[in-house]
Structure formats: structure tokens, C-alpha cells
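Here are my notes on this predicted model.

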Amino acid sequence: PLTEQTNGYFDMAKFKKMKKDAVFINIGRGKTVNENDMIEALKNKVIAGAALDVFAMEPLPKESELWGMDNVLLYPHSADWTADYIYRSVCVYDSILKNYLSGKELFNFVNRRVGY
């Protein structure tokens with residue numbers, strides 16, 4: 001989740017702790033990554049590559065260096081869309097609604113105090 005504590009969490013210090021052949025994958029929140037540090041890590045072979053489904057600014061700006069990097073795979077914020085995505089979503093909603101209507105315990109709460 002993107003919180004005050006996770007904003008920019010993945011920075012050059014974190015990339016330097018990774019193996020040189022590491023491929024960084026982000027399907028979570030774009031702003032958890034310091035994109036400038038990631039670009040430098042990719043350019044300087046601190047890490048081998050990246051597969052990105054989310055970005056600090058979406059859509060990814062045309063001028064972003066990420067577009068032209070051979071060691072980066074870019075996805076259009078669609079990693080959660082699987083063949084059964086709609087079915088699974090409806091099943092979760094159905095379970096929550098049934099629990100609510102019958103007075104049973106609910107699940108999948110958002111804790112507003114912690115931000116997720």
C-alpha cells in the first residue's frame with residue numbers, strides 16, 4: 001500500500017542490496033518506488049531489469065526514460081486482470097454481502113488509520 005512510510009521505499013539503497021541479476025517487479029503502487037533511482041540502477045546495471053505495471057505518474061509520461069530501456073517491460077496497469085478476475089470479484093462481494101445481511105462477521109476492511 002502507499003502510505004507515508006512506503007512512499008519512495010524502493011530507492012537506490014534498496015536496489016544496491018539486490019543481486020546484479022535481479023529483476024524488480026512492481027504490480028503494487030507506483031509511488032513506492034523512487035523512479036529516478038530505479039532508472040539509474042537500471043542504466044548502471046545495479047539490477048538487471050524491471051517489469052512494471054504501475055508508475056508514480058499514470059499514464060507513464062511520454063518523456064520517461066523507461067519507454068526506451070531494453071531491460072524494462074512496461075504493462076498498462078493490468079496485472080490484476082486474469083481470466084477469472086470478474087468471477088473472483090463477484091464471489092468476494094457476494095460473500096461480504098451475505099455476511100452483512102445475516103449479521104455475520106465481515107472481512108476485507110480498510111483500516112483508515114493505517115491507510116490500507
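1. Start with Glu-35. Glu-35 sits in helix α2, which spans residues 35-43. Glu-35 is buried, yet it makes no salt bridge. Which side chain of opposite charge is nearest to Glu-35? Lys-31 is, at 9.6 Å. A salt bridge would need a nitrogen within 4 Å of a carboxyl oxygen.

2. Next, the surroundings of that residue. Leaving aside residues up to four places away in sequence, Glu-35 touches Phe-55, Ala-56, Leu-60 and Leu-66.

3. Now the rest of the helix. Besides Glu-35, the buried residues of α2 are Met-38, Ile-39, Ala-41 and Leu-42. They lie on the same side of α2, because their arc around the axis is only 160°. In general, an α-helix has 3.6 residues a turn, so residues three or four places apart point the same way.

4. What covers the buried residues of α2? The cover includes α1 (12-17), β1, β2 and β3 (72-74).

5. On to the strands. β1 (residues 23-26) and β2 (residues 49-52) pair in the parallel sense, over 4 bridges. Phe-24 has Ala-50 of β2 as its bridge partner. Together with α2, the strands β1 and β2 make a right-handed β-α-β unit.

6. Last, the two faces of β1. Phe-24 and Asn-26 form the covered face. Val-23 and Ile-25 form the uncovered one. Side chains in a regular strand alternate between the two faces of the sheet.

Key
Residues are numbered from 1 along each chain as its sequence is written. This is a predicted model: local features need pLDDT of at least 70, side-chain atom pairs count only at pLDDT 80 or more; totals for chains, interfaces and linings use all residues. Side-chain values use heavy atoms; hydrogens and water are left out. Buried means under 20% relative accessible area, exposed over 50%, partly exposed in between (1.4 Å probe, protein chains only). Lys and Arg count as positive and Asp and Glu as negative; His and the chain ends are not counted. Contact means heavy atoms within 4.5 Å. Two strands pair if DSSP finds at least two bridges between them. A crossover is right-handed if, with the strands pointing away from the viewer, the path from the first strand over the helix to the second runs clockwise. The arc is that of the directions from the helix axis to the C-beta atoms.
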